[in-house]
Structures are given as C-alpha cells and as structure tokens.
Amino acid sequence: MSKLLLIDDDEDVRYSIQRIFNSPEIELATAASGEEGLKVIPKFKPDLVLMDVRMTGMTGLETLRRIRQNDPKLLVILMTAYGTTQTAIEAMKLGAYDYLLKPFDIPKLKEIVANALKAARDMRQVVSYEPMMESEDYELGIVGRCAIMQEVFKLIGQVAASDATALITGESGTGKELVARAIYHHSNRAEQPFLAVNCAAIPEQLLESELFGHEKGSFTGATAQRIGKFEQCNRGTIFLDEIGDMTPTTQTKILRVLQSGTFERVGGNQPLMADVRVIAATNKPLEAAVAARQFREDLFYRLNVVRIQIPPLRDRREDIPLLVNYFLKKQARDHERHPKSVAASVLKTLEKYHWPGNVRELENAIRRAYVLAKSDAILLADLPPEITGAGSLAAIPGVAGETASSDAAALARQLFQWAKRDPKLKIIPAVERELVIQALKETHDNQVHAAKLLGITRATLRKRIEKFGIQRELNVK
Ligand SMILES: Nc1ncnc2c1ncn2[C@@H]1O[C@H](COP(=O)(O)OP(=O)(O)OP(=O)(O)O)[C@@H](O)[C@H]1O
Ligand SMILES: [Mg+2]
C-alpha cells in the first residue's frame with residue numbers, strides 16, 4: 001500500500017484526483033493549502049506528494065522548498081497549468097521529481113505516479129547485506145554466505161563509506177541493482193535522494209537530455225527548457241544502470257562530470273555544478289567494449305576505480321539453500337500465509353541447475369512454485385520444466401547423481417573424457433545402446449513409453465533396437 005498526499009486549493013481537482021486513485025493499493029490524503037500540507041506530512045508520512053503550483057497562501061514553490069528541507073527524500077510531483085511551465089522548471093531545480101500539465105492526461109498521470117512510487121520505494125526500502133542481516137526484520141537483504149559474496153559485502157562496506165564512483169558488473173539477475181541500493185543506504189548520502197536511470201531503456205538521443213537537461217530549442221521537440229537528473233538529484237546518488245549502452249557523446253559528458261563535477265545542459269553553454277555520487281552497473285563486458293572502441297577507455301578507468309564483480313549464481317551454489325529459504329519466507333510474508341518447505345529432491349535439483357537467469361530466475365521459480373504447490377511442501381512438479389530439465393539427462397534420477405557435475409553438458413563432458421581415453425569405445429553408439437536398454441527395462445518393453453522417456457519417436461526407437469541388435473521380448477502396445 002502506498003500513501004499519496006494531494007495538495008491543491010481547488011476542490012474540483014481534489015475530487016477528480018481522488019476518483020482517479022481510488023484503489024486498494026493507494027491511500028490518499030488531501031490538503032487544501034501548502035500550510036495544511038506541511039502539517040499533514042509528518043502525521044500521514046506520504047510516499048509521494050502531488051501538489052499544485054499556484055495556490056492561494058503559500059505557493060507551491062515555497063511549500064516544495066520546505067518539504068525538501070524537512071525531508072529531501074520525499075518525492076514531489078507538481079501540477080501546473082499552461083503558462084506556468086517556467087515555475088515548473090524552477091521546481092525541478094529545487095528537486096521536484098516531475099511535473100504534469102493541467103488538464104491531466106489520466107494515463108500519463110497514472111504512469112508518472114506509478115514511476116514515482118517505485119522510485120520512492122527504492123529509496124526508502126533499506127537493503128541490508130549480510131553483516132547487517134542478523135535480525136529477522138530486515139526488509140530487503142542481499143543473501144550470501146559463500147566466500148565470494150563475503151568479498152562483495154566487504155567491498156560494499158568500504159565503498160559506501162567513501163564518495164567514490166563504483167562500477168558493479170555481473171550477469172543479468174545477479175543482484176547489481178540490489179548492491180547499488182545497499183551502497184546508497186549505507187553511504188553518507190543516505191538521507192538524500194537516489195535516482196536510477198536505465199541507460200538502455202531510454203532512446204539514445206533522449207538519454208543525454210534525461211541526464212543533463214536541455215535548453216529550449218536545442219533540438220527539434222525541445223519546446224521548453226528541461227532539467228536533467230544530475231541537476232535534480234543534487235547532493236544525492238545517481239544509479240546509471242546498463243552503462244554499457246551509452247552513446248559516445250553521453251560518455252564524454254559523464255566522464256567530464258566525474259572528473260570536474262561540471263556539466264552543461266544540451267544546447268546550453270553555462271557550466272553547472274553537480275554534487276552527485278555516481279554508481280554505475282552493466283551486464284556487458286566493458287573491457288571488450290573498450291577494446292572494440294565502443295566504450296571510452298578513460299571513462300572505463302574512471303569508473304573502474306572501485307569494481308564490484310558479482311559472481312553468477314552457478315559459481316555460488318552453496319548459497320542456493322539460503323536463497324531458497326529467504327524467498328520462501330518472502331512469499332509467505334507477501335501472501336500473508338505460513339511458509340512452505342521444499343522437498344530434499346527439489347533442493348538438490350535447484351542446486352544442480354545452471355541458472356542462466358541467476359538469482360532473479362531462482363526467485364521467479366520459487367514464486368511460481370509457492371503458488372502452484374498444493375500442499376505445504378514444494379515438489380519437483382511445481383518447478384518450471386527447464387529447471388527440472390524435462391527431457392534432459394540431468395532429470396533422470398540416478399544418472400545425474402552419479403556424475404560429478406549436474407547438467408547434461410557436464411555429463412556429456414565426462415563421457416567425452418572417457419571417449420578420449422578409449423577411442424575404441426565409440427561413445428555415441430555405446431551410450432545410445434545403453435539408454436535404449438535402460439528405457440526398455442524401465443518400461444517393461446513398452447516401446448511407446450520408452451520412446452517418450454528417451455525423447456525420440458517410436459520409429460527411431462525401433463531403428464535403434466534393430467541397429468544395436470537388442471533382443472528383448474517385445475511387448476508392443
Ligand atoms: N543475493 C541476493 N539475495 C536476495 N535477493 C537477491 C540477491 N541477488 C538478487 N536478488 C533478487 O533478484 C532479483 C534481481 O536482482 P537485480 O535486479 O538486482 O539484478 P541485476 O543484476 O540488476 O539484473 P539485470 O542485469 O537484469 O538488471 C531482484 O528481485 C533481487 O531482489
Ligand atoms: Mg538491474
């Protein structure tokens with residue numbers, strides 16, 4: 001549930017906004033003036049404020065200034081009528097999160113509010129990392145007990161205390177954003193805003209303006225001045241996500257702001273100062289991008305001063321039981337139900353899987369299984385087929401268990417090693433023959449079932465039986 005405070009002296013506006021946000025997920029309070037709004041805030045503790053700019057009594061700008069003084073992390077969206085956009089721009093300089101033009105485009109209003117609520121949550125929900133997770137009531141934690149994650153935690157602690165730029169790298173779903181937020185929450189800028197910009201999600205030509213703002217008329221479509229994130233987030237922390245996707249011009253500007261703390265709006269020539277801490281992340285191998293001259297080498301070195309490399313989940317399998325437990329608890333809390341457990345076979349399967357989608361994939365699998373499980377225990381059938389490996393060797397009980405490693409690829413590698421040692425072995429026919437025999441034994445010569453188990457057609461199975469001269473009593477059904 002999110003709390004929204006609406007400050008507007010126009011009763012009609014209050015009424016219509018109340019109707020728009022009438023939903024069980026949103027608790028809305030209203031105030032009819034800036035003065036009243038300032039009194040309501042400490043009591044109601046909103047996640048987000050929607051406020052009119054032009055009000056009788058205290059102006060929207062003055063109210064905004066005071067809100068920011070009391071709590072720089074409280075997000076404010078201003079509503080402004082046509083002709084007052086200059087005020088809106090002033091408001092952005094004061095750190096307003098965004099502004100909306102009246103009359104409202106309702107879907108746009110909803111979208112901006114939803115984005116702001118997400119940003120507010122990211123800012124407030126404290127991310128703890130292992131050294132801080134002793135107590136049970138942490139909101140969001142980075143789980144990890146293995147040695148490499150302990151190193152990551154150590155780095156988080158070290159970099160949080162400084163104001164240094166940090167570069168977080170790792171495959172998709174390894175927890176880069178979580179680490180960025182943990183750094184922020186434990187930094188001395190924790191009381192100031194945190195804004196995330198996904199460089200890959202914003203069209204190239206707009207990213208520069210999103211980050212640094214633009215002057216009116218600086219390009220087609222720049223009908224008014226715009227304040228960018230670096231200006232808006234003064235004294236705060238900016239999280240540049242997917243930094244590997246920036247154009248060379250933006251890269252140059254980022255380098256400059258990191259080196260000298262100054263930047264200019266697009267189309268502007270007045271240098272502006274930015275007091276912003278930058279945390280960057282990417283799942284692209286930046287070294288390779290530098291080698292291919294797609295990423296500026298000097299920017300890379302500037303970012304790489306503190307590097308936090310998050311290992312893929314398959315390199316820290318010993319943390320899987322811990323993560324599973326954590327996600328199960330989280331599910332139970334979200335559903336307000338008691339926690340479910342996992343069967344030992346399920347845990348074994350989870351520990352063996354190679355997790356291309358890393359922790360995010362594990363979390364999704366647990367979320368899905370929690371919902372699907374009919375009893376209090378999660379069973380193999382509740383896991384997605386790609387994890388149980390329906391059709392792959394790893395899924396056959398006993399086969400995977402006897403090999404040193406987990407998945408089909410690992411098993412194949414091992415077989416190949418045998419083949420290398422003994423070239424007479426003719427590994428593929430040998431394995432195929434053994435599989436066919438096993439399947440026929442298992443199914444009491446039921447060819448339909450045997451073929452299904454092997455993932456081949458019955459016709460193919462017949463050919464193999466002939467080819468390998470497997471003489472068994474055929475019990476065709
Ligand atoms: N060590 C961890 N402990 C608990 N939850 C984790 C951990 N690592 C990741 N998660 C969870 O997994 C999901 C993915 O994490 P996050 O968004 O931080 O990954 P990412 O590296 O930024 O991924 P992408 O590159 O796809 O943006 C989130 O829901 C996050 O809370
Ligand atoms: Mg991410």
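Author: Happy to, and let us start with Ala196, which counts as partly exposed because its relative accessibility is 41%. Please keep in mind that this is a predicted model. Ala196 sits in strand S9, a stretch that covers residues 194-198. For a sense of scale, Ala196 and Pro423 are separated by 227 residues in sequence, and their C-alpha atoms are 57 Å apart in space.

Lys102 and Pro103 are joined by a cis peptide bond, with omega at about -5°.

Rolling a probe the size of a water molecule over the atoms shows where empty space is left. The count comes to 1 cavity of 30 Å³ or more. The largest cavity has a volume of about 50 Å³. Its lining consists of Arg68, Leu75, Gly95, Ala96, Tyr97, Pro193, Leu195, Gln232 and Cys233. By class, that makes 6 nonpolar, 2 polar and 1 charged residues.

Now to the ligand. Ligand 1 is surrounded by 19 residues, and the closest of them are Val143, Ser172, Lys176, Arg360 and Glu363. The backbone takes part in several contacts with this molecule. A polar backbone atom of Val143 lies 2.8 Å from a nitrogen atom of ligand 1. Gly175 places a backbone N or O atom 3.1 Å from an oxygen atom of ligand 1, and Leu178 likewise has a backbone N or O atom 3.1 Å from an oxygen atom of the ligand. Taken alone, ligand 1 exposes 630 Å², and the protein buries 88% of that area. The shell around ligand 1 is made up of 7 nonpolar, 6 polar and 6 charged residues.

Which elements each supply at least two residues of this shell? They are strand S7 (140-142), helix H7 (176-185), helix H13 (320-335) and helix H15 (358-372). Two of these deserve a further look.

Helix H7 is largely enclosed by the rest of the structure, because 8 of its 10 residues are buried. Those buried residues are Lys176, Val179, Ala180, Arg181, Ala182, Ile183, Tyr184 and His185. Lys176 is also one of the residues closest to ligand 1.

Helix H15 contains Asn358, which counts as buried because its relative accessibility is 0%. The side chain of Asn358 makes a polar contact of 3.0 Å with the side chain of Glu171. A polar atom of the Asn358 side chain also lies 2.8 Å from the backbone nitrogen of Leu313.

Arg293 has a positive phi of about 60° although it is not a glycine. It is found in the loop between helix H11 (286-291) and helix H12 (297-303), and it counts as exposed because its relative accessibility is 78%. Asp445 is likewise a residue other than glycine with a positive phi, near 65°. Asp445 belongs to the loop between H19 and helix H20 (447-454). With a relative accessibility of 7%, however, Asp445 counts as buried.

Helix H19 gives us our last stop. It spans residues 427-442 and holds Leu435. The C-alpha atoms of Leu435 and Ala88 are separated by 72 Å, and the two residues are 347 apart along the chain.

Methods
Residues numbered from 1 in each chain as written. Chains lettered and ligands numbered in written order. Predicted model: local features only at pLDDT ≥ 70, side-chain atom pairs only at ≥ 80, totals over all residues. Heavy atoms only, no water. Helix = DSSP H or I, 4+ residues; strand = E, 2+ residues; numbered from the N terminus. Buried < 20%, exposed > 50% of the residue type's maximum accessible area, 1.4 Å probe, protein only. Near = heavy atom within 4 Å. Polar contact = N/O pair within 3.5 Å; in protein donor to acceptor, adjacent residues only side chain to side chain. Areas by Shrake-Rupley, 256 points an atom, 1.4 Å probe, with all protein chains shown as cover. Nonpolar A, V, L, I, M, F, W, Y, C, P; charged D, E, K, R; others polar. 1 Å grid on protein atoms, 1.4 Å probe; cavity = no way out; pocket = protein on both sides within 12 Å on 5 of 7 lines; lining within 4 Å. Points joined across faces, edges and corners; volume = space filled by probe spheres on them.
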